[in-house]
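Subject: Structure handover and what was found in it

Dear colleague,

I am passing on the structure we spoke about, and I would be glad if you could read the notes below with the model open beside them.

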Amino acid sequence: MKNRDRFIERREHHPRVSFGLFLIVLGLALLVATNDMLKLGSVGDYFTWETALVFVGVLLILNLQFTGGLLLIAVGTWFLLEHFDYEMSETIKAIYWPAVIVLVGLGFIFSALLKRKNKIS
């Protein structure tokens, strides 16, 4: 039983899977940047601290670390929206951070359920 539990833990955070996910997300980010899909301008305009937060947040979520990932994506998105020709309505501004807090709470619950499920299996 102990060997099986160690195998499950090791399998969850296998370095090759994490690195593979990193390469996939990086490739997608480069695809978006080189084709200017978000209409930000040059490739250099895509790689800012705001997009780095979103990028790392996506990687965390793909590695099943929902809470940190959601927080990084929320903060990065909040500041990234200033670069778009998009004016947030007062309603969205009023509900953005409460919604983020609710999502982070759900992330905690979801993470706990996944860990519990892996321990039971």
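The notes below go from the overall fold to the helices, the pocket, the aromatic residues and a few single positions.

Please keep in mind throughout that this is a predicted model. The protein has six helices and zero strands, so that, read along the sequence, its pattern is α-α-α-α-α-α. Of its 121 residues, 21% are buried. Among the contacts with a separation of 6 or more, 48% are between residues 24 or more positions apart.

When neighbours within four places in sequence are left aside, Thr67 is in contact with Val104, Gly107 and Phe108.

The largest pocket has a volume of about 380 Å³, and 16 residues line it, with Val25, Ala29, Thr51, Val54 and Phe55 lying nearest its centre. Helices α2 (15-34) and α4 (49-62) each supply at least two residues of this lining, and the largest share, six residues, comes from α2. By type, the lining residues of the largest pocket divide into 14 nonpolar, two polar and no charged.

Turning to the aromatic residues, the count comes to six aromatic pairs. One of these is formed by Trp49 and Phe79, whose rings lie 5.3 Å apart from centre to centre with 50 degrees between the planes, a tilted arrangement. This pair links distant parts of the chain, since Trp49 is in helix α4 and Phe79 is in helix α5, 30 residues apart. Phe79 is partly exposed, with a relative accessible area of 30%. In another pair, the rings of Tyr96 and Trp97 have their centres 5.1 Å apart and their planes at 85 degrees, so this pair is edge-to-face, the class used for angles over 60 degrees. Tyr96 counts as buried at 16% relative accessibility, whereas Trp97 is partly exposed, with a relative accessible area of 31%.

Leu26, which has its place in helix α2 and counts as partly exposed at 27% relative accessibility, is 33 residues from Leu59 in sequence, with 9.6 Å between their C-alpha atoms. Ile101 lies in helix α6, residues 90-120, and is exposed, with a relative accessible area of 61%. The C-alpha atoms of Ile101 and Leu71 are separated by 8.6 Å, although these residues are 30 residues apart along the chain.

Finally, two backbone angles may be worth a look on your side. Most residues other than glycine have a negative phi. Asp36, however, has a positive phi near 50 degrees; this residue has its place in the loop between α2 and α3 (43-46) and counts as partly exposed at 22% relative accessibility. Just after α4, Leu64 likewise takes a positive phi, of about 65 degrees.

With best wishes

Terms used. Residues numbered from 1 in each chain as written. Predicted model: local features only at pLDDT ≥ 70, side-chain atom pairs only at ≥ 80, totals over all residues. Heavy atoms only, no water. 1 Å grid on protein atoms, 1.4 Å probe; cavity = no way out; pocket = protein on both sides within 12 Å on 5 of 7 lines; lining within 4 Å. Points joined across faces, edges and corners; volume = space filled by probe spheres on them. Helix = DSSP H or I, 4+ residues; strand = E, 2+ residues; numbered from the N terminus. Nonpolar A, V, L, I, M, F, W, Y, C, P; charged D, E, K, R; others polar. Contact = heavy atoms within 4.5 Å. Phe/Tyr/Trp six-rings, centres within 6.5 Å; stacked < 30°, edge-to-face > 60°. Buried < 20%, exposed > 50% of the residue type's maximum accessible area, 1.4 Å probe, protein only.
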